[in-house]
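Hi,

Here is the structure I promised to send over.

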Amino acid sequence: MGATLMSNKIFDAEDIAAVTRVLESGVLSAGPEAAALEEEFAAALGAGHAISCNAAMAGLHAALWAVGVGAGDEVVCDPLVLFGGLAVLYTGAMPVFADVDEQTHNMDPTSLAERITPRTKAIIVTHHWGEPADMGGILAVAEAHKLPVVEDCAHVLFGKWQGRNAGTLGSVGVFSFQSSKHLSTGDGGIAVTNDPYLAEQVRAIVTFGAAPTRLAHNFRMTEMTAAVARVQLRRARGYVAEDRASAQLYAQAVEGCAWLRPQQASADSVHSYHLWVAAFVPQPGGPSLDEFKEACAAEEANFSFGYVGVPAYLHPVFSLGGSFGVSRDPQAQPLPYRRGWCPVTESLMPRLMITGVSARDGDFHRRNADALARAIRRFS
């Protein structure tokens with residue numbers, strides 16, 4: 001993504017005091033800090049329950065197990081990112097990728113409906129870049145087939161759909177505390193749910209005790225991480241507000257440019273802007289993508305292009321067709337892990353231009369947006 005940006009996250013004496021408090025207590029795991037974080041996070045999201053864990057991937061894995069996904073099942077997920085599909089592989093199930101909407105970059109409910117089979121056990125929906133997916137359409141498909149929905153909320157802290165926080169709309173929502181996220185502890189995550197049974201199951205999977213009640217993993221969060229997360233949670237709404245303001249600078253820079261199309265936000269949603277993302281859309285008489293990239297480089301506009309290059313299903317990790325060599329029902333049609341499976345995603349991916357919107361330097365995004373505007377004006 002060009003130059004590495006210093007995050008706008010602030011870690012100061014309050015964070016140090018929180019860690020010191022834990023170390024002086026001698027309780028480094030399964031203590032009061034994690035319990036307090038869970039209570040505070042659930043309240044902030046308007047969720048019934050929260051379960052802290054050591055990473056969002058652990059939370060996704062636990063959520064899938066909690067809703068009953070296992071070997072031989074299928075789970076429909078997004079192809080723009082790999083994380084949902086990887087979580088499916090960890091359970092021994094098979095990821096089936098639904099295409100995305102060209103405008104919103106999020107899962108297309110029509111494609112989702114087409115991917116449902118008798119073997120489908122769950123749906124993972126990713127709220128890409130901070131824009132909540134079309135949960136009305138997705139939940140309608142899920143309800144028609146009686147399927148649980150796991151929300152990957154790594155990008156969308158305090159993003160909303162029809163007034164409700166993302167993560168509280170499906171069966172389980174999973175948030176990331178990785179270092180680039182709105183609430184950062186370096187690594188860590190938290191799962192939320194309104195279902196007491198699912199909360200109990202996720203906790204049983206995440207918290208491995210001396211005599212576990214079910215097959216589980218030791219995915220729990222340390223007390224030091226939880227203590228820092230509690231401090232950062234109090235600041236997170238401010239971080240999100242700053243990132244939203246930075247994103248508007250880029251929206252203004254591309255206003256009126258027919259060949260750059262920012263991710264479209266729904267009238268039903270509130271975008272939290274983990275990233276600002278636009279798609280290059282070739283136009284007659286306009287520049288080529290390569291010409292535009294060269295103009296950005298010449299103006300020192302700090303963007304990356306193409307995200308991870310190809311859809312998830314074209315990455316080698318999915319080529320084995322299942323975790324640990326687990327195979328599907330031999331009577332089932334082979335999954336088309338090949339080009340052409342999600343044509344919108346395959347067309348969109350190389351045309352994505354991306355920048356983070358968090359920066360310690362308060363003037364960075366204004367300068368970067370100005371550089372983008374200059375790159376666009378080269379073709380006026």
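A word on naming before the details: helices (H or I, at least four residues) and strands (E, at least two) are DSSP runs, numbered from the N terminus. Residues are numbered from 1 along each chain as its sequence is written. Bear in mind that this is a predicted model, where local features need pLDDT of at least 70, side-chain atom pairs count only at pLDDT 80 or more, and totals for chains, interfaces and linings use all residues; side-chain values use heavy atoms, with hydrogens and water left out.

Now the backbone. Gln-162 sits in the loop between strand E6 (160–161) and strand E7 (164–165), and its phi is positive, about 50 degrees, although it is not a glycine. Gln-162 is exposed, at 55% relative accessibility (exposed is over 50% relative accessible area, buried under 20%, partly exposed in between; 1.4 Å probe, protein chains only).

Lys-146 also has a positive phi without being a glycine, near 55 degrees. You'll find Lys-146 in the loop between helix H6 (135–145) and strand E5 (149–152), exposed with a relative accessible area of 75%.

On to the inside. A nonpolar core here means buried Ala, Val, Leu, Ile, Met, Phe, Trp, Tyr and Cys residues joined through side-chain atoms within 4.5 Å. The largest one has 58 residues, and Leu-64, Phe-97 and Leu-112 have the most contacts inside it. Helix H3 (residues 56–66) gives this core its largest share, eight residues. A second, separate core has 28 residues, among them Val-254, Met-353, Phe-364 and Ala-369.

Cheers
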